[in-house]
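Please consult the sequence and the structure shown below while reading.

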Amino acid sequence: MKNFKFKNPTKILFGKNQIENIKKEIQKDAKVLMLYGGGSIKKNGIYEQVNNALKDHDVIEFGGIPANPEYAVLLKALEVIKKENITYLLAVGGGSVIDGTKFLSAAAVFEGNDPWEILSKNIPTRKGMPFGTVLTLPATGSEMNSGAVITRAETREKRTMGGTGLFPVFSVLDPLVIHSIPPRQLANGIADAFTHVLEQYLTYPVGAYLQDRFAESILQTLIEVAPKIMEDPSDYTAASNFMWSCTLALNGLISQGVPTDWAVHAMGHELTALFGIDHARTLAVIAPGHYRFNLESKKEKLAQYAGRVWNITEGTTREKAIAAIERTEAFFNELGIDTKLSQYTNEYEGTAELISKRFTERGWLGLGEHQNLKPKDVEEIVKMAY
Ligand code: NZQ
Ligand code: ZN
């Protein structure tokens, strides 16, 4: 196991009707900006619950943050923060609203002239404006981590940011919110969390037995609850296990002391930026080819995953590894997720070269757990996804 330092300061309020408790988490003298997305919270009662909880606080709101939070929209929210002397942010939504709020938390205290530099120059935020979250869609883990991904339509870019100052102060995880999530987003949530675990687990063995078993148990739980939650999102047992699995998949716990990959996400973000494909679906498109391309360096962990998670025990290490990749792709398909780029767009020719060129221009030296994947390899992997 590698050395590590681990700190995750986010307080979790988990369970039924926890939304009302946010009033105790936000200081009475705070000037709060409540941020939300396209309006789902107004249909499912969450908006009302949040407003009731904060009726004795000074709150104004900013709605309309789109999926894949758009920089131009966030700049408008930033103006509100400055004009209204906001001191506290409250994100009520899925990964997009929470990530948008993280950008605002950073931008509100940013001393440079151009807040895009937080993303383009990857400037870490050590202390942002404090914010809490009410999670409405289990998927990204953004509710308990310090990263964010922001889209800029103008330049067709999707860039990452983060810093130790961008953990939410608190996050409400009430599984009752899941009942109104449409099937497409439920499938996305399962596939995203599943791939988060794979990115931190399918590397090479370092003798981190516990981290491996944490990872495998999250994968097994997601596999167990997937059909139940797709069938009935108001099944509370399935919903609570789904929600907590998604959070633990990307709150830092399972990555301590082990190598991590994240190449699937890096390539996937480009597919969202270029074609607007849902985040989770880009991962399902890239992952099978990525694991096939890197079979040699990943085969031990792939075979372990085959046996422990999918009960594939026959064959050589290599055969088990290949079978596990096939089973993973089938799992995405069972969720109703297509795993080929050509199923999402007819204009895929040239995508691999374009993504590889973008990575070269950004000066990326290498992707993957060995940092040895060059832009040329990225080109091959993306072509395998056509
Ligand atoms: O906008 P509204 O109207 O609220 O509708 C949303 C949106 O259309 C809807 N929704 C959310 N909760 C709902 C609901 N509909 C009904 N009932 C509810 N309870 O779902 C749609 C998608 O929401 P979004 O927030 O975009 O989805 P998700 O949580 O999957 O977030 C995706 C974004 O997070 C980034 C992705 O790149 C993408 O931009 N990620 C963030 C990460 C992080 N910060 O750690 C890691 C991830 O790998 C990912 O990159
Ligand atoms: Zn993801």
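## Two asparagines in loops

In which loop is Asn85 found? Asn85 is found in the loop between helix 4 and strand 4 (88-93); helices (H or I, at least four residues) and strands (E, at least two) are DSSP runs, numbered from the N terminus. Although Asn85 is not a glycine, its phi is positive, at about 50°. Asn68 is likewise not a glycine and has a positive phi of about 60°. Asn68 lies in the loop between strand 3 (58-62) and helix 4.

## Basis of the values

This is a predicted model, in which local features need pLDDT of at least 70 and side-chain atom pairs count only at pLDDT 80 or more, while totals for chains, interfaces and linings use all residues. Residues are numbered from 1 along each chain as its sequence is written, chains are lettered from A and ligands numbered from 1 in the order in which they are written, and side-chain values use heavy atoms, with hydrogens and water left out.

## Domains and their interface

The chain is assigned domain 1 (11-176) and domain 2 (183-384), with bounds taken from an automatic or database domain assignment. Taken over C-alpha atoms, the centres of the two domains are 26 Å apart. The contact (heavy atoms within 4.5 Å) takes 25 residues from domain 1 and 23 residues from domain 2.

Domain 1 and domain 2 bury about 2100 Å² between them, 63% of it on carbon and sulfur atoms; buried area is the accessible area (1.4 Å probe) that two parts lose on being put together, summed over both. In domain 1, Pro138, Arg156 and Lys158 lose the most area to domain 2, together 29% of what that side buries. Between the domains there are zero salt bridges, defined as a side-chain nitrogen of Lys or Arg within 4 Å of a carboxyl oxygen of Asp or Glu.

## An aromatic pair

The whole structure holds 11 aromatic pairs, counted for rings of Phe, Tyr and Trp (its six-membered ring) with centres within 6.5 Å; planes under 30 degrees apart count as stacked, over 60 as edge-to-face and the rest as tilted. Tyr71 and Phe103 form an edge-to-face pair, 5.6 Å centre to centre with 70° between the planes. Tyr71 lies in helix 4 (residues 71-83) and Phe103 in helix 5 (residues 95-107), so the pair ties together parts 32 residues apart in sequence.
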